[in-house]
Amino acid sequence: MGSPTMWFEVAARDQPAMKQFYAGLFDWEMVDLEGMPYAAVQSNEAGIPGGIGAAQPGQDGHVTFYVEVDDVASALSKVESMGGGKVMEPTAIPNGEIALFADPEGHVVGLMHMNGAA
């Protein structure tokens, strides 16, 4: 079986406003993560988990999904060899590592490896 989709994310220019928008729209409970402009969506319903975060300074933001991979740097190299482009270098997060790439049409997709996973 292939790599599973494991997280969604909205990276917003105005994170507090988007957090309020999505919480109100879908009745999502948001839990702010300490020391980060990021809120995790809490739900007891089926579906993949996700969060609302701040876009990088000067960027418009995006909506994306993350795919679990064994090695973020290797997967990012494969993306580039297949015509995609690097958007964000592999970056450490609590308990793992993430990166972002653009597919050949420019859609932003995330790669994630959690320590002890995949």
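The model is predicted, so local features are given only where pLDDT is at least 70 and side-chain atom pairs only at pLDDT 80 or more, while totals for chains, interfaces and linings use all residues. Residues are numbered from 1 along each chain as its sequence is written, and side-chain values use heavy atoms, with hydrogens and water left out.

## The overall build

Let us start with the whole protein. Its secondary structure comes to 2 helices and 8 strands; helices (H or I, at least four residues) and strands (E, at least two) are DSSP runs, numbered from the N terminus. Read from the N terminus on, the elements follow the order β-α-β-β-β-β-α-β-β-β. The radius of gyration is 14 Å, close to the 13 Å that the globule rule gives for 118 residues, so the protein is as compact as a globular protein of that length. That radius is taken over C-alpha atoms, and the globule rule is 2.2 Å times the number of residues to the power 0.38. Along the principal axes, the C-alpha atoms fill a box of roughly 40 × 35 × 25 Å.

How much of the protein is buried? Of its 118 residues, 34% count as buried, where buried means under 20% relative accessible area, exposed means over 50%, and partly exposed lies in between (1.4 Å probe, protein chains only). The protein exposes about 7,400 Å², and carbon and sulfur atoms supply 53% of that area. Accessible areas come from the Shrake-Rupley method with a 1.4 Å probe; for residues, only the protein chains shown count as cover. Among contacts (heavy atoms within 4.5 Å) between residues at least 6 apart in sequence, 51% join residues at least 24 apart.

## Around helix α1

Helix α1 covers residues 15-26, and Met18 lies in it. Met18 is partly exposed, with a relative accessible area of 30%. Together with Phe21, Leu25 and Phe26, Met18 forms a nonpolar patch on the surface, with about 370 Å² of accessible area in total. Patches are made of residues with over 30% relative accessible area and no salt bridge: like charges are joined within 9 Å, and nonpolar side chains (Val, Leu, Ile, Met, Phe, Trp, Tyr) within 5 Å.

Gln15 also lies in helix α1. Is Gln15 buried or exposed? At 10% relative accessibility, Gln15 counts as buried. Leaving aside its neighbours within four places in sequence, Gln15 is in contact with Pro37, Tyr38, Ala39, Ile52, Gly53 and Ala54. A polar atom of the Gln15 side chain lies 3.1 Å from the backbone oxygen of Ile52.

## Two salt bridges

A salt bridge is a side-chain nitrogen of Lys or Arg within 4 Å of a carboxyl oxygen of Asp or Glu. By this rule the count comes to 2 salt bridges, listed here.

| Asp32 | Lys19 | 2.7 Å |

Asp32 forms its salt bridge with Lys19. Asp32 lies in strand β2 (residues 29-32) and Lys19 in helix α1, so the pair ties together parts that are 13 residues apart in sequence. As for the other pair, Glu89 counts as partly exposed at 47% relative accessibility, and Lys86 is partly exposed at 36%.

## Two strand residues

Trp7 is found in strand β1 (residues 5-12). Not counting residues up to four places away in sequence, Trp7 touches several residues, including Ile48, Pro49, Thr64 and Met112. Its side chain makes a polar contact with the side chain of Tyr38 at 3.0 Å. A polar contact is a pair of N or O atoms within 3.5 Å; within protein, one must be able to donate a hydrogen and the other to accept it, and residues adjacent in sequence count only if both atoms are side-chain atoms.

Leu111 sits in strand β8 (residues 108-114) and counts as buried at 5% relative accessibility. With residues up to four places away in sequence set aside, Leu111 touches Val67, Val69, Leu76 and Ile98, among others.

## Two loop residues

Asp27 is in the loop between α1 and β2 and has a positive phi of about 60° although it is not a glycine. At 72% relative accessibility, Asp27 counts as exposed. Asn95 is in the loop between β6 (85-93) and β7 (96-102), with a positive phi near 70°. Asn95 counts as exposed at 54% relative accessibility.
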